[in-house]
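Please open the model in your viewer and keep the selection panel at hand, as this tour moves from one selection to the next.

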Amino acid sequence: MLWVDKYRPRILDKMIVHEEVAQNLKKLVSEQDCPHLLFYGPPGSGKKTLIMALLKEMFGPAAEKVKLEQKAWKIDAGTRTIELELAMLASTHHVELNPSDAGFQDRYIVQEIIKEMAKNRPIDSKGKKGFKVLVLNEVDKLSKEAQHSLRRTMEKYSASCRLILCCSSSSRVTEAVRSRCLNIRVNAPSAEEIVKVLEFIAKKESIQLPPEFAARIAVQSCRSLRRAILSFETCRVQQYPFVMNQAIPPMDWEQYVSEIASDIMKEQSPKRLFQVRGKIYELLVNCIPPEIILKVKLLSELLKKLDAELKHEVCHWAAYYEHRMRLGQKAIFHIEAFIAKFMSIYKEFLIATFG
Amino acid sequence: MGKRKTAVVCSTSPEEDAGRKQGSRSSSSKSFAAARKRTRGGSSQCGVGEISDKPPSRGAEAFARLSEDYCECLQDFPSTQGMQCSKGNELWVDKYKPSSPAQLAVHKKKVEEVKNWLRERLIASKEKFGNHVLLITGQAGVGKSAAVRVLAAHMGAELCEYSTPTPTLWHEHVHNINSGLSYRSKLDEFEAFVEKIGKYSLLSSSNAGASRKATIILIDDLPVTNGRVAFGRLKKCLTALTRFAQLPTVILVTEYHRTDNVPTSHFEELVSLLERAGAYKVAFNRLTVNSIKKVLSHICQEEKRELPSIQIDQIAKASCGDMRNAINSLQFWCLSPDNLLISYVSNSMDINSRVLSDSNKLSPIVGLFGHEELNCGTDFSYGRDETLTLFHALGKFLHNKREVMDQIGLELESLTLREKFERNPLKMDAPEKVLSQAYGKARPVTDFLHENVLDFISDGAIDDTWLVTSYLSDADCLLASSLLSHSSQKLTEMDDSQRVSQPVAASVAIRGVLFGNKQPLSSRWHAIRSPRLWQIEQSAQHHKNKLMVERFYFSNGFSLSLSQMVTDYMPSIKWLGSHTTDDNGHEKLIQCITTDLIPPADNFSSNTIESTFREKIEDDEIEDW
């Protein structure tokens, strides 16, 4: 088992980061009435860990006994029936799924599942009707229609089921849904917190971790705890005992993107664009989400090397094409348009400054 | 006739349908009867042409005898079907069949090539020649069979044609089964025929009398195959034919237009297969307008009809190089000469043409406009719709040929654009029209343009590149809006806005490419690639599905989102996998994950789309359209 999973805190009391949030959640559950919850925060900040711990707090160890179901749904949508298959993790008390996997048909899934869960709700030991919890991941990727239907069903079936929504950015969740939930912001852990976690793991694994090295890992992880632990483990495999100037292996795709960025900076021509296209294809084949390529990595790599006066314009175009990418169908068209635009801007700049 | 016989009808005249020239008809019927008699003898030495497909059972033989008698009776009647049309208004296509090599409309060199080939084989048929198969390809109506017939007659050779058996109807089949006959597919019969040719060709020529003429076998009609297995059999059969044929054999293959919804790769496969097997290939090119015009005016003379030359010109143009179509059109046009409308139209056209020819001299641009007007104004009620291959159309878009500037500056004074928006007029029809001729669909066309356009932009023009890519990005957004209805596979539900968005997207993509590429590279040879994107999407989808399934097992009961998995987990796992560890637990996990999750790299390259499209593209040169 990877360390990320091995040292994931299972109960709210053992949380190292977000202790305060964990305590609040505990209080919330102990009062028996739990509202719908919306967790949001950057990737690697511990949302899912919190949710799992919360579920355990609510239902005891039964919540941990999950099994994978590949469930086929037959949904009657007026004129036709839609058949969908969706994988979900389910225990006796909760169901967890990624409705956005269903693509544009997500709204049917959301409605149908909640309806079904409301139908057969569990009865607790005292004969009182309990509730089931539905964990929905990546709510921000749901379509507008799905979010609307989510809103209605949340109200209708709130007696029998609770929703826990999880997303990285709350801005893409509609106001209506947000206002019906208790919003819980999960911050990205600070470098100190990450170091604390790394030291905790080092102690458990009985590894000597020099504090400077831990700090370096923390910095390079971009405040993602998951990333930090993963690279800690790779470093451990790479070389142990640690040396001071040990290189921390970067993610291979990130390295690839920075290669692309330097390609773009070096030459601006259709031919180069064509080569770059081939490299981006490589990334897409490996399912790296195109938004992440464009926004998170490529842009920041380019900005690093860019003259200050161009930064604003380049950011503008990156945002423009990221939006386009959401509207459009094939990401490569838009990424390429952005790169072409960047090349054009950059070339103009080079000619203006150096003649 | 209940019993169908596959027989090869021997005839010296170019056509064997009981039709016209009395002399040739009687001779052909004689040979026909002779052939029959031989079969009746029940000998195993059948003539070249014959395939006796019946089992040697007595009942069948008796039946065959009956049917033969019946046939002979039929032939004593003066022609049955041919009669009605032979009374004066025979189809001109048949009436004016070429009778000498000089009359053939096909290019002389090609005729000469075929002729030489045939002569070599006929004279030296005793000697060992490597191959005895000639393959003639060409569009419908260029005169492939006409050429072979004329040349055979010219050289005094006898032409034996493999006539395809008439297809069986279902109730006939039921009837046959009841009477104890088993069904044989056309392919079976063709196979049997090929086998016979290989075995008996020499026998027959020695058998059928001393002063027998040289024989040429003509296969005009390859059996239609459906599915891989049948096609494989046909291929095998043809290879055998080219290897073992001992008489000169001519195979005609009609070239079809490649549109994306008709799987015509069979045609190419067959041709390349035959060539590989050693057949000599002659490709008949499309007929030129001039050669069609020559034939048409010749016919007009013969028929003593006066047609304005512009008329003939138009018919010739509208026929798209299809002689048969052109002659039919001509006959149709001349059907009712008293029709006032026609004379009116032709008059007006006369004037039109005069104006045109004048203006043509003046400036090429007016000529261009005039031409367009002509095309839309006097649309024919007949003639073939011109089609283009998709590659042809793409070539037009990508090469982006334009009129030379200068004169236009004066002409279009009223319409002043800023310099950066100015472009020379296109050297083609409206892009939408070209696209519709190629039956292009928006999505594939956009993908093709996206894949290939970068090759056509001159090297320094990065601004143009951006312009083109931004238009393609627009087109993609437009296409995405029609995605929903597409994937629900209910085209009827598609509402109007979506139906419009498809062609609009195509238009944006094409015009974007045309407009954006300000200084296209001078035309040189370019292969058009099929979009690599398709292949990428497929393997990405494949990969994704795999990950989707695996991700739940990944971290015991803790579901990860796909992007987390791909961006964080996978790289570290891959990395860990590449460095051996002393930690056993690690290794196991990593091994099981890496073997399951990371598809081998060559998975990507061995893709079905790739391989099928490669072939299509390799031989599709778009140099100069």
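Begin in this predicted model by selecting helix α12, residues 290-304 of chain A, together with α13(A), and look along the two axes, which come within 10 Å and cross at roughly 175 degrees. Angles over 145 degrees count as roughly antiparallel, and α12(A) and α13(A) are therefore roughly antiparallel to each other.

Now show the side chains where these helices touch: on α12(A) select P290(A), E291(A), L294(A), K295(A), L299(A) and L303(A), and on α13(A) select K311(A), V314(A), C315(A), A318(A), Y321(A), E322(A), M325(A) and R326(A). If you colour this selection by class, you will find 9 nonpolar residues, no polar ones and 5 charged ones.

Next, turn to the interface between the chains, selecting the 66 residues of chain A that are in contact with 70 residues of chain B. The area buried between chain A and chain B is about 6100 Å², and carbon and sulfur atoms give 63% of that area.

Finally, highlight the elements that give two or more residues to the side of chain A that touches chain B, among them α1 (3-6), β3 (80-90), α13 (308-327) and α14 (331-354) of chain A. Coloured by class, that side of chain A has 32 nonpolar, 15 polar and 19 charged residues.

Conventions
Residues numbered from 1 in each chain as written. Chains lettered and ligands numbered in written order. Predicted model: local features only at pLDDT ≥ 70, side-chain atom pairs only at ≥ 80, totals over all residues. Heavy atoms only, no water. Contact = heavy atoms within 4.5 Å. Buried area = accessible area lost by both parts, 1.4 Å probe. Helix = DSSP H or I, 4+ residues; strand = E, 2+ residues; numbered from the N terminus. Nonpolar A, V, L, I, M, F, W, Y, C, P; charged D, E, K, R; others polar. Axes fitted to C-alpha atoms, helices over the stretch in contact; angles between N-to-C directions. Parallel < 35°, antiparallel > 145°, perpendicular 65-115°, else oblique.
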